[in-house]
Amino acid sequence: MQPQNRTQPPAITMQGISKTFATVKANDQISFSVKAGEIHALLGENGSGKSTLMNILSGIYLPDSGEIDIHGERVIFRSPRDSMAQGIGMIHQHFKLVENLSALENIVAGTGHGLLLDRKAARDKVIALSEQFEMDIDPDRKIASMSVSEKQTVEILKVLYRGSQILILDEPTAVLTPQEITRLFHILHRMREIGQAVVFISHKLNEVLSLCDRVTVLRQGKTIGTVYTHQTTATELVEMMVGRAVDLAIERPAAVGSGQCLDVKNLTVKDHDGVARLNQVSFTLDHGEILGVAGLSGSGQKELCETIAGLCAPNGGSILFHDNQIIGKSPREIIRLGISMSFIPEDRLGMGLVASMDIADNIMLKDYAFHKGPFLNRKEARAKAKRIVEQLSINTPGIYHTVRKLSGGNIQKVILGREINLSPRLLITAYAVRGLDIHSSYTIYSLINEQKSKDVAVLFIGEDLDVLLELCDRILVLCNGQVTGIVNAKDVNKEQIGLMMAGETLTESEAV
Amino acid sequence: MDVALLIALFLASAVRMAVPLLLGTLGESLTERAGNLNLGVEGLMMMGAATGFIAAYHTDNIALAVLAGMLGSGFGSLLYAILTITFRTKQDVTGLALTIFGSGFANTLGKTLANTNTPEGIRTFAQATPLKLPESTASIPGIGPVLAFIDTAFLQHNWFVYLTFIAAFAGWFYLFRTRQGLHLRMIGENPAAADASGIRVIGAKYAHVVVGGILCGLGGVYISVINVGTYLENIVAGRGWIVVALVIFIRWDPLKAIAGSLLFGALEIVGFRIQHIEALSGLPIFSQYAIDMYPYLMTIIVLILTYARKKAYLGPAGLGVPYFREDR
């Protein structure tokens with residue numbers, strides 16, 4: 001733990017790293033270097049090889065070729081143990097914690113020698129560390145009872161407890177509120193001050209620019225370049241990531257709707273244990289409007305979508321679609337009422353499509369209700385599939401290509417194309433751009449905007465607050481199944497939404 | 001005979017019947033805590049019973065009999081470990097195969113020894129009561145009868161029985177008080193998390209699956225060599241399956257395993273006793289076949305009751321899931 005020193009070798013040097021999975025070259029001759037006392041961003045789209053590279057650095061994957069030096073010394077990592085012994089700690093996007101054990105047990109597991117566990121010494125060390133880095137954590141609480149942000153703190157403590165000098169964080173902010181992100185950045189700054197190296201994997205440009213010292217950009221498994229954040233801009237970084245210039249502004253055409261579509265009142269949904277997943281949720285949604293739904297994951301978004309779509313039985317409340325009461329009705333009954341509604345679920349391949357069927361068959365799936373007789377009209381379906389593939393420029397060898405083998409963006413386009421083709425009056429999308437690259441995301445936004453201009457009412461469940469604020473007309477914020485506010489997107493900022501996500505309701509003067 | 005003596009004798013029998021169940025439950029708990037569901041307990045107990053008995057018959061040495069039983073069941077569980085851990089086969093199917101293999105292996109090996117008895121030395125060991133209180137204690141005024149009761153119920157057993165109960169305490173201590181125990185629990189809950197913490201997952205899985213299998217095999221050794229003393233075909237008689245359910249009942253906790261195996265041991269005794277009461281055994285619900293069914297019926301009832309309690313521990317989260325580090 002010494003201050004940075006110019007003659008000191010870099011904390012990490014990776015040279016010519018390659019790794020192939022089956023036929024996919026996840027890493028192709030990647031070079032990457034991080035200094036001690038630096039926060040270094042690793043930027044790239046999904047599938048660019050960031051996670052693979054970091055999994056190699058943390059000993060989870062063996063590289064096919066390439067060299068790794070840690071503090072100037074050549075190393076070979078055959079397992080996470082080897083990597084840890086060199087002072088490397090990784091915080092995975094999906095936390096590697098055991099829900100059933102306490103924070104302390106999770107932190108100490110895998111360390112130390114000897115038969116017995118000295119809980120007291122371990123506990124004291126954990127508390128000392130959490131004080132040093134100004135974290136607030138109860139070592140004796142079970143992981144299962146912790147919030148996502150607390151779990152992340154445990155992961156960081158786990159790495160610090162092992163005396164790691166190099167910390168890798170894989171998309172650490174994806175699931176945090178803006179306030180929690182600020183706290184995390186504070187911790188990372190403390191680590192930089194004492195000379196540790198931090199690798200920050202993200203695709204959120206503003207975070208990268210505000211937090212990190214340097215950025216290395218990967219694209220399709222190759223290193224595109226390393227730049228200082230104070231010498232670059234978001235536009236430049238996107239160009240490096242995508243390979244061409246992308247307009248980062250999201251359009252928001254004025255809402256010109258033909259009146260109310262949906263009127264939800266006091267909607268309540270309870271789970272098997274009797275815990276309310278949605279509690280007295282009320283809102284309205286107009287035609288030609290995009291209503292965004294913000295909230296930490298698991299705040300009731302799934303239940304909200306599924307009750308409206310008729311997939312989940314509510315425990316009370318009412319849902320009026322125009323003048324039809326649709327609460328508690330099955331999707332079939334809703335269709336019979338002449339209501340055209342489309343739901344694009346979060347789990348695209350599980351709920352939205354049949355992964356092992358081809359595009360044409362998947363597009364036919366929703367047509368059954370409109371045809372008579374026992375036979376399928378394949379000709380029509382083929383024509384429709386071809387049309388959708390063309391209109392949405394889905395990148396596929398053909399309409400008989402299995403959906404599973406398509407990329408995330410193209411899969412999303414297949415569902416969206418199928419649903420839009422039915423000319424819905426209400427479109428519900430859950431995490432429409434999750435796992436999509438920048439280009440596909442922007443295509444999806446413009447498709448949603450196109451629906452809005454066709455007088456469709458859109459319920460947009462989102463996670464990226466920047467996108468919600470730019471795309472939606474109004475934003476409904478959920479916290480633990482309760483509505484903590486419905487605001488005009490133009491009149492609020494990210495911090496206010498963040499506070500509502502954490503359970504605070506806006507005061508009268510702020511509310512719209 | 002007075003009632004106290006009857007109860008004490010009943011308890012003594014229950015303790016004896018509990019031993020193979022306890023050994024099996026300890027073994028299977030260790031195995032499952034490592035994330036491996038081994039349905040081959042019945043087969044492992046059979047292998048232990050056969051190899052143990054053969055050694056006992058030929059050497060008349062209890063240590064060699066125990067060692068042979070450990071080798072036999074260790075071989076079986078090593079096969080299971082190689083298949084499920086290294087080759088990541090389906091654990092349930094592999095376990096069932098192990099049961100069939102183990103039973104066949106045992107019946108083939110033991111064929112020539114069917115219905116023979118253990119030799120003199122082994123029988124002496126089985127009948128020894130090293131912790132028995134001196135006769136004189138029974139006449140101590142006041143506590144004499146209490147001591148006599150304890151003596152009859154719990155202190156008329158051989159070393160094997162006592163060591164089994166000590167093993168249960170040791171198992172609990174290992175699981176909840178030692179570093180390795182914490183690592184084991186972590187592996188069973190989330191092997192990827194354990195691996196990321198620097199714990200050797202594959203090695204620990206192998207060690208616990210094999211040791212767990214050996215404990216099951218010792219249960220078999222106890223049945224054939226010590227408790228029955230005669231080799232019979234299918235001598236384990238379904239106890240391996242009761243063990244699989246008992247593990248759930250006792251929530252993978254070695255201390256609770258003591259209570260659970262005593263309960264099921266007692267139930268077996270009740271079954272035996274009823275068969276010998278002629279007036280009752282004439283009734284259809286107490287017929288030989290019905291009585292054979294009761295342990296399993298109890299198993300079903302216990303499982304339903306266990307799962308009806310929502311809040312309780314439902315077992316290692318990683319149970320049954322093969323672990324491969326480079327899974328994407």
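A nonpolar core here is a set of buried Ala, Val, Leu, Ile, Met, Phe, Trp, Tyr and Cys residues joined through C-beta atoms within 7 Å. Buried means that 20 or more other C-beta atoms lie within 10 Å of the residue's own, with C-beta atoms placed from the backbone. The model is a predicted one, so to speak of local features takes a pLDDT of at least 70 and side-chain atom pairs count only at pLDDT 80 or more, while totals for chains, interfaces and linings use all residues. Residues are numbered from 1 along each chain as its sequence is written, and chains are lettered from A, with ligands numbered from 1, in the order in which they are written.

On to confidence. The model comes out at ipTM 0.84 and pTM 0.81. Helices are DSSP runs (H or I, at least four residues), numbered from the N terminus.

Back to the cores. The largest nonpolar core holds 147 residues, and I168(A) and A49(B) touch the most other members. Helix α10 (residues 201-228) of chain B is the top contributor to this core, giving 13 residues. Setting aside neighbours within four places in sequence, A49(B) has contacts that include A106(B), G220(B), V221(B) and I235(B); a contact needs C-beta atoms, placed from the backbone, within 7 Å. A second, separate core has 76 residues, among them L262(A), M341(A), V403(A) and M500(A).

As for the two chains, 21 residues of chain A meet 21 residues of chain B. Helix α2 (residues 80-85) of chain A supplies the largest share of chain A's side, three residues. By class, that side has twelve nonpolar, five polar and four charged residues. Nonpolar covers Ala, Val, Leu, Ile, Met, Phe, Trp, Tyr, Cys and Pro, charged covers Asp, Glu, Lys and Arg, and the others, Gly among them, are polar.

Within chain A, the assignment (automatic or from a database) gives domain 1 (12-242), domain 2 (258-340 + 425-512) and domain 3 (352-422). The centres of domains 1 and 2 of chain A, taken over C-alpha atoms, are 34 Å apart. Their contact takes ten residues from domain 1 and eleven from domain 2. On the domain 1 side, α8(A) gives the most, three residues, and the classes are six nonpolar, three polar and one charged.

Definitions and conventions
Helices (H or I, at least four residues) and strands (E, at least two) are DSSP runs, numbered from the N terminus. A residue is buried if 20 or more other C-beta atoms lie within 10 Å of its own, exposed if 12 or fewer, and partly exposed in between; C-beta atoms are placed from the backbone.
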